[in-house]
Amino acid sequence: MAAGSELAVLVACALLLAAACGGAPDDVPGLEVGYYEETCPEAESIVRASVSEAVAEDAGVGAGLIRLLFHDCFVQGCDASVLLDPTASNQRPEKLGPPNINSLRGFEAIDAAKAAVEEACPGTVSCADIVAFAARDASYLLSGYRVDFAMPAGRLDGRRSNASDTVPSLPPASASFTDLVDNFARQGLDAEDMVVLSGAHSVGHARCSTFAAGRTAVDADADIDPSFARSLRRRCVRAENSTGDPTVSQDAVTPTELDSQYYRNVLKRRVLLASDAALLETPEAARMVRDSARAGGRWEQKFAKAMVKMAGIGVKKAGRHAEIRANCRVVNY
(Lines give C-alpha, C1' and ligand atoms only; values in the text may rest on other atoms or scores of the structure.)
Protein backbone atom coordinates (compact mmCIF):
# COMPACT_ATOMS: atom_id res chain seq x y z
CA MET A 1 0.00 0.00 0.00
CA ALA A 2 1.33 3.46 -0.89
CA ALA A 3 2.34 5.80 1.95
CA GLY A 4 -0.39 8.28 1.02
CA SER A 5 -3.04 5.53 1.08
CA GLU A 6 -1.83 4.31 4.48
CA LEU A 7 -2.10 7.82 5.87
CA ALA A 8 -5.56 8.16 4.37
CA VAL A 9 -6.75 4.99 6.12
CA LEU A 10 -5.24 6.02 9.45
CA VAL A 11 -6.74 9.49 9.30
CA ALA A 12 -10.12 8.12 8.25
CA CYS A 13 -10.11 5.88 11.33
CA ALA A 14 -9.24 8.84 13.52
CA LEU A 15 -12.06 10.81 11.97
CA LEU A 16 -14.54 8.09 12.82
CA LEU A 17 -13.60 8.45 16.46
CA ALA A 18 -13.70 12.23 16.22
CA ALA A 19 -17.22 12.25 14.82
CA ALA A 20 -18.38 10.07 17.68
CA CYS A 21 -16.74 12.29 20.29
CA GLY A 22 -17.25 15.72 18.74
CA GLY A 23 -19.56 18.29 20.25
CA ALA A 24 -23.18 18.22 19.19
CA PRO A 25 -24.04 21.01 16.75
CA ASP A 26 -26.99 23.32 17.10
CA ASP A 27 -30.17 22.05 15.49
CA VAL A 28 -30.36 22.95 11.80
CA PRO A 29 -33.93 22.89 10.43
CA GLY A 30 -34.40 20.08 7.91
CA LEU A 31 -31.05 18.43 8.68
CA GLU A 32 -29.91 15.83 11.17
CA VAL A 33 -26.71 14.19 12.37
CA GLY A 34 -26.46 10.58 11.22
CA TYR A 35 -28.93 11.16 8.40
CA TYR A 36 -27.54 8.25 6.34
CA GLU A 37 -27.18 5.74 9.19
CA GLU A 38 -29.89 3.48 7.73
CA THR A 39 -29.74 4.22 4.00
CA CYS A 40 -25.96 4.45 3.53
CA PRO A 41 -24.17 3.83 6.84
CA GLU A 42 -20.67 4.04 5.29
CA ALA A 43 -21.29 7.35 3.50
CA GLU A 44 -19.41 9.64 5.86
CA SER A 45 -16.46 7.29 6.30
CA ILE A 46 -16.19 6.95 2.51
CA VAL A 47 -16.05 10.73 2.11
CA ARG A 48 -13.50 10.98 4.94
CA ALA A 49 -11.25 8.44 3.27
CA SER A 50 -11.39 10.33 -0.04
CA VAL A 51 -10.70 13.68 1.60
CA SER A 52 -7.86 12.38 3.76
CA GLU A 53 -6.16 10.89 0.71
CA ALA A 54 -6.53 14.14 -1.26
CA VAL A 55 -5.23 16.28 1.62
CA ALA A 56 -2.31 13.92 2.21
CA GLU A 57 -1.25 14.56 -1.39
CA ASP A 58 -1.91 18.33 -1.35
CA ALA A 59 -2.93 20.33 1.71
CA GLY A 60 -4.17 23.07 -0.63
CA VAL A 61 -7.06 20.81 -1.64
CA GLY A 62 -8.22 20.86 1.98
CA ALA A 63 -8.27 24.65 2.00
CA GLY A 64 -10.15 24.53 -1.29
CA LEU A 65 -12.81 22.20 0.13
CA ILE A 66 -13.50 24.54 3.05
CA ARG A 67 -13.82 27.48 0.67
CA LEU A 68 -15.99 25.44 -1.69
CA LEU A 69 -18.65 25.06 1.02
CA PHE A 70 -18.66 28.81 1.64
CA HIS A 71 -18.96 29.66 -2.05
CA ASP A 72 -21.70 27.08 -2.50
CA CYS A 73 -23.82 28.07 0.49
CA PHE A 74 -23.68 31.84 -0.06
CA VAL A 75 -25.12 31.48 -3.58
CA GLN A 76 -28.65 30.01 -3.52
CA GLY A 77 -27.96 28.00 -0.39
CA CYS A 78 -26.03 24.78 0.24
CA ASP A 79 -27.17 22.87 -2.83
CA ALA A 80 -23.97 21.93 -4.70
CA SER A 81 -24.86 24.35 -7.50
CA VAL A 82 -21.22 25.50 -7.50
CA LEU A 83 -20.20 22.05 -8.80
CA LEU A 84 -22.19 22.18 -12.03
CA ASP A 85 -20.19 22.35 -15.27
CA PRO A 86 -21.15 24.51 -18.26
CA THR A 87 -23.49 22.90 -20.80
CA ALA A 88 -25.04 23.92 -24.10
CA SER A 89 -28.13 25.13 -22.24
CA ASN A 90 -26.20 26.75 -19.36
CA GLN A 91 -22.87 28.09 -20.58
CA ARG A 92 -22.05 30.16 -17.48
CA PRO A 93 -22.72 28.29 -14.24
CA GLU A 94 -21.55 29.54 -10.83
CA LYS A 95 -18.06 28.08 -11.11
CA LEU A 96 -17.41 30.51 -14.00
CA GLY A 97 -18.52 33.57 -11.99
CA PRO A 98 -15.83 36.21 -11.30
CA PRO A 99 -15.27 35.19 -7.63
CA ASN A 100 -14.89 31.52 -8.61
CA ILE A 101 -13.24 31.14 -12.00
CA ASN A 102 -9.59 30.07 -11.80
CA SER A 103 -9.96 30.28 -8.04
CA LEU A 104 -11.95 27.41 -6.54
CA ARG A 105 -10.32 24.05 -5.84
CA GLY A 106 -11.44 20.63 -4.67
CA PHE A 107 -13.78 19.61 -7.50
CA GLU A 108 -11.81 16.43 -8.24
CA ALA A 109 -11.85 15.43 -4.56
CA ILE A 110 -15.64 15.79 -4.54
CA ASP A 111 -15.84 13.74 -7.76
CA ALA A 112 -13.79 10.94 -6.17
CA ALA A 113 -15.89 10.93 -3.01
CA LYS A 114 -19.14 10.92 -4.98
CA ALA A 115 -17.99 8.05 -7.21
CA ALA A 116 -17.08 5.95 -4.19
CA VAL A 117 -20.35 6.72 -2.42
CA GLU A 118 -22.37 5.94 -5.56
CA GLU A 119 -20.68 2.57 -5.83
CA ALA A 120 -21.72 1.75 -2.27
CA CYS A 121 -25.17 3.38 -2.22
CA PRO A 122 -26.44 4.45 -5.67
CA GLY A 123 -28.73 7.47 -5.77
CA THR A 124 -28.75 7.98 -2.01
CA VAL A 125 -26.28 10.66 -0.93
CA SER A 126 -26.52 14.18 -2.33
CA CYS A 127 -23.57 16.13 -3.68
CA ALA A 128 -24.53 18.97 -1.32
CA ASP A 129 -24.03 16.69 1.68
CA ILE A 130 -20.72 15.44 0.27
CA VAL A 131 -19.51 19.06 -0.03
CA ALA A 132 -20.50 19.67 3.61
CA PHE A 133 -18.87 16.45 4.85
CA ALA A 134 -15.71 17.20 2.86
CA ALA A 135 -15.40 20.71 4.32
CA ARG A 136 -15.87 19.29 7.82
CA ASP A 137 -13.22 16.61 7.24
CA ALA A 138 -10.76 19.06 5.66
CA SER A 139 -11.17 21.34 8.69
CA TYR A 140 -10.45 18.43 11.01
CA LEU A 141 -7.34 17.38 9.11
CA LEU A 142 -5.82 20.82 8.57
CA SER A 143 -6.42 21.85 12.19
CA GLY A 144 -4.43 18.90 13.50
CA TYR A 145 -7.72 17.30 14.62
CA ARG A 146 -8.67 20.29 16.81
CA VAL A 147 -11.70 21.42 14.77
CA ASP A 148 -13.91 18.47 15.58
CA PHE A 149 -17.66 18.36 14.96
CA ALA A 150 -20.56 16.35 13.57
CA MET A 151 -22.11 17.67 10.35
CA PRO A 152 -25.90 17.35 9.98
CA ALA A 153 -27.10 16.09 6.60
CA GLY A 154 -30.22 15.77 4.46
CA ARG A 155 -29.55 18.43 1.83
CA LEU A 156 -30.72 18.07 -1.76
CA ASP A 157 -28.92 19.22 -4.89
CA GLY A 158 -30.15 22.25 -6.81
CA ARG A 159 -30.74 22.35 -10.55
CA ARG A 160 -30.01 26.05 -11.12
CA SER A 161 -26.51 27.51 -11.35
CA ASN A 162 -25.77 30.93 -12.84
CA ALA A 163 -22.55 32.92 -12.80
CA SER A 164 -24.54 36.16 -12.49
CA ASP A 165 -25.58 35.15 -8.95
CA THR A 166 -22.03 35.05 -7.60
CA VAL A 167 -20.99 38.71 -7.48
CA PRO A 168 -24.08 39.93 -5.56
CA SER A 169 -23.83 37.02 -3.11
CA LEU A 170 -20.13 36.67 -2.29
CA PRO A 171 -18.24 39.46 -0.47
CA PRO A 172 -15.31 40.90 -2.47
CA ALA A 173 -11.73 40.92 -1.19
CA SER A 174 -12.05 44.69 -0.83
CA ALA A 175 -15.12 44.56 1.46
CA SER A 176 -15.30 46.83 4.49
CA PHE A 177 -16.39 45.56 7.90
CA THR A 178 -19.88 46.97 7.34
CA ASP A 179 -20.08 45.31 3.93
CA LEU A 180 -19.05 41.98 5.44
CA VAL A 181 -21.57 42.20 8.27
CA ASP A 182 -24.37 43.08 5.85
CA ASN A 183 -23.41 40.28 3.47
CA PHE A 184 -23.34 37.63 6.19
CA ALA A 185 -26.56 38.96 7.73
CA ARG A 186 -28.37 38.28 4.46
CA GLN A 187 -27.43 34.63 4.97
CA GLY A 188 -28.63 34.53 8.57
CA LEU A 189 -25.13 34.80 10.04
CA ASP A 190 -24.10 37.43 12.58
CA ALA A 191 -20.96 39.51 13.00
CA GLU A 192 -19.27 36.97 15.24
CA ASP A 193 -19.98 34.19 12.73
CA MET A 194 -18.29 36.34 10.10
CA VAL A 195 -15.20 37.02 12.20
CA VAL A 196 -14.93 33.36 13.22
CA LEU A 197 -15.37 32.00 9.68
CA SER A 198 -12.78 34.48 8.39
CA GLY A 199 -10.27 32.29 10.21
CA ALA A 200 -10.47 29.90 7.25
CA HIS A 201 -8.03 32.36 5.66
CA SER A 202 -5.33 30.76 7.79
CA VAL A 203 -4.97 28.20 4.99
CA GLY A 204 -4.84 28.48 1.23
CA HIS A 205 -3.47 31.03 -1.20
CA ALA A 206 -4.66 34.22 -2.87
CA ARG A 207 -3.76 35.43 -6.35
CA CYS A 208 -1.82 38.67 -6.51
CA SER A 209 -4.52 40.09 -8.80
CA THR A 210 -7.01 39.92 -5.90
CA PHE A 211 -5.03 42.08 -3.51
CA ALA A 212 -1.86 43.60 -5.01
CA ALA A 213 -3.44 46.85 -6.26
CA GLY A 214 -4.57 47.95 -2.81
CA ARG A 215 -2.26 46.07 -0.44
CA THR A 216 1.26 46.64 -1.69
CA ALA A 217 1.40 50.44 -1.44
CA VAL A 218 3.35 51.80 1.50
CA ASP A 219 2.00 55.02 2.98
CA ALA A 220 1.16 56.49 6.34
CA ASP A 221 -2.57 55.79 6.02
CA ALA A 222 -2.27 52.15 4.95
CA ASP A 223 -3.84 49.49 7.17
CA ILE A 224 -0.96 47.11 6.45
CA ASP A 225 2.46 46.69 8.00
CA PRO A 226 4.89 48.55 5.67
CA SER A 227 7.50 45.78 5.64
CA PHE A 228 4.81 43.21 4.83
CA ALA A 229 3.50 45.41 2.00
CA ARG A 230 7.00 45.69 0.54
CA SER A 231 7.45 41.93 0.79
CA LEU A 232 4.18 41.31 -1.05
CA ARG A 233 5.10 43.79 -3.75
CA ARG A 234 8.45 42.08 -4.34
CA ARG A 235 6.89 38.62 -4.46
CA CYS A 236 4.05 39.59 -6.77
CA VAL A 237 6.19 41.59 -9.20
CA ARG A 238 8.97 38.99 -9.29
CA ALA A 239 6.58 36.08 -9.88
CA GLU A 240 4.37 38.06 -12.26
CA ASN A 241 7.28 38.39 -14.64
CA SER A 242 7.43 34.59 -15.00
CA THR A 243 3.98 33.16 -14.22
CA GLY A 244 1.44 35.88 -14.93
CA ASP A 245 -0.77 35.85 -11.81
CA PRO A 246 1.14 34.29 -8.91
CA THR A 247 -0.32 33.13 -5.61
CA VAL A 248 0.76 33.97 -2.07
CA SER A 249 0.03 32.02 1.12
CA GLN A 250 -2.70 33.72 3.13
CA ASP A 251 -0.85 32.88 6.34
CA ALA A 252 2.92 33.03 6.00
CA VAL A 253 3.50 31.70 9.53
CA THR A 254 1.52 28.42 9.47
CA PRO A 255 0.41 28.21 5.82
CA THR A 256 -0.96 24.65 5.90
CA GLU A 257 -2.54 24.72 9.37
CA LEU A 258 -6.10 25.80 10.13
CA ASP A 259 -5.46 27.69 13.35
CA SER A 260 -5.82 30.98 15.18
CA GLN A 261 -2.54 32.35 13.80
CA TYR A 262 -4.65 34.21 11.24
CA TYR A 263 -5.99 36.49 13.98
CA ARG A 264 -2.52 37.25 15.25
CA ASN A 265 -1.64 38.20 11.69
CA VAL A 266 -4.67 40.50 11.58
CA LEU A 267 -3.57 42.21 14.79
CA LYS A 268 -0.08 42.70 13.35
CA ARG A 269 -1.61 44.03 10.11
CA ARG A 270 0.10 41.30 8.12
CA VAL A 271 -2.82 39.93 6.09
CA LEU A 272 -3.34 39.83 2.34
CA LEU A 273 -6.89 41.02 1.82
CA ALA A 274 -8.49 44.35 2.65
CA SER A 275 -11.47 42.36 3.95
CA ASP A 276 -9.12 40.71 6.48
CA ALA A 277 -7.73 44.07 7.61
CA ALA A 278 -11.34 45.29 7.93
CA LEU A 279 -11.77 43.13 11.03
CA LEU A 280 -10.05 45.89 13.01
CA GLU A 281 -12.33 48.67 11.78
CA THR A 282 -14.55 48.73 14.89
CA PRO A 283 -13.71 48.22 18.59
CA GLU A 284 -16.15 45.33 18.88
CA ALA A 285 -14.71 43.56 15.85
CA ALA A 286 -11.17 44.09 17.16
CA ARG A 287 -12.25 42.57 20.48
CA MET A 288 -13.51 39.46 18.66
CA VAL A 289 -10.23 39.23 16.77
CA ARG A 290 -8.22 39.42 20.02
CA ASP A 291 -10.46 36.78 21.58
CA SER A 292 -9.96 34.45 18.62
CA ALA A 293 -6.19 35.02 18.64
CA ARG A 294 -5.83 33.48 22.09
CA ALA A 295 -4.69 29.88 22.38
CA GLY A 296 -6.77 27.29 24.17
CA GLY A 297 -9.18 26.06 21.53
CA ARG A 298 -11.91 28.68 21.86
CA TRP A 299 -11.69 29.72 18.23
CA GLU A 300 -11.70 26.11 17.06
CA GLN A 301 -14.94 25.45 18.96
CA LYS A 302 -16.57 28.57 17.58
CA PHE A 303 -15.41 27.76 14.06
CA ALA A 304 -16.99 24.30 14.25
CA LYS A 305 -20.30 25.79 15.38
CA ALA A 306 -20.22 28.48 12.69
CA MET A 307 -19.44 25.92 9.97
CA VAL A 308 -22.55 23.91 10.90
CA LYS A 309 -24.63 27.09 10.92
CA MET A 310 -23.32 28.14 7.50
CA ALA A 311 -23.89 24.65 6.11
CA GLY A 312 -27.59 25.02 6.92
CA ILE A 313 -28.16 28.05 4.66
CA GLY A 314 -30.97 27.71 2.12
CA VAL A 315 -31.38 23.94 2.29
CA LYS A 316 -33.48 22.71 -0.63
CA LYS A 317 -36.76 20.87 -0.05
CA ALA A 318 -38.02 18.01 -2.19
CA GLY A 319 -39.55 19.19 -5.47
CA ARG A 320 -38.85 19.70 -9.13
CA HIS A 321 -35.97 22.09 -8.39
CA ALA A 322 -34.14 19.65 -6.09
CA GLU A 323 -32.70 16.17 -6.54
CA ILE A 324 -29.89 13.79 -5.67
CA ARG A 325 -27.51 14.01 -8.62
CA ALA A 326 -25.88 10.90 -10.01
CA ASN A 327 -22.95 13.02 -11.17
CA CYS A 328 -22.12 16.17 -9.20
CA ARG A 329 -21.15 18.08 -12.35
CA VAL A 330 -24.47 17.71 -14.22
CA VAL A 331 -28.15 17.73 -13.28
CA ASN A 332 -30.18 14.57 -13.70
CA TYR A 333 -32.22 14.30 -16.88
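Me: Buried means under 20% relative accessible area, exposed over 50%, and partly exposed in between, with a 1.4 Å probe and protein chains only. So is alanine 295 buried or exposed?

Reply: This is a predicted model, where local features need pLDDT of at least 70, side-chain atom pairs count only at pLDDT 80 or more, and totals for chains, interfaces and linings use all residues. Residues are numbered from 1 along each chain as its sequence is written, and side-chain values use heavy atoms, leaving out hydrogens and water. Alanine 295 sits in the loop between helix 13 (283-293) and helix 14 (298-310), helices being DSSP runs of H or I with at least four residues, numbered from the N terminus. Its relative accessibility is 72%, so alanine 295 counts as exposed.

Me: Which backbone oxygen does the side chain of serine 52 reach?

Reply: Serine 52 lies in helix 2 (residues 43-57), and it counts as buried because its relative accessibility is 3%. A polar contact is a pair of N or O atoms within 3.5 Å; within protein, one must be able to donate a hydrogen and the other to accept it, and residues adjacent in sequence count only if both atoms are side-chain atoms. At 2.9 Å, the side chain of serine 52 reaches the backbone oxygen of alanine 49.

Me: Within what arc do the buried residues of helix 4 fall?

Reply: Those buried residues are Phe107, Ala109, Ile110, Ala113, Lys114, Val117 and Glu118. The arc is taken from the directions from the helix axis to the C-beta atoms. Seen down that axis, the buried residues line one face of helix 4, because they fall within an arc of 165°.

Me: Which exposed residues sit on the face of helix 4 turned away from its buried side?

Reply: Helix 4 covers residues 107-120, and Lys114 and Glu118 are among its buried residues. The face turned away from that buried side carries the exposed residues Glu108 and Glu119.

How values were computed:
Helix = DSSP H or I, 4+ residues; strand = E, 2+ residues; numbered from the N terminus. Expected span 1.5 Å × (residues − 1).
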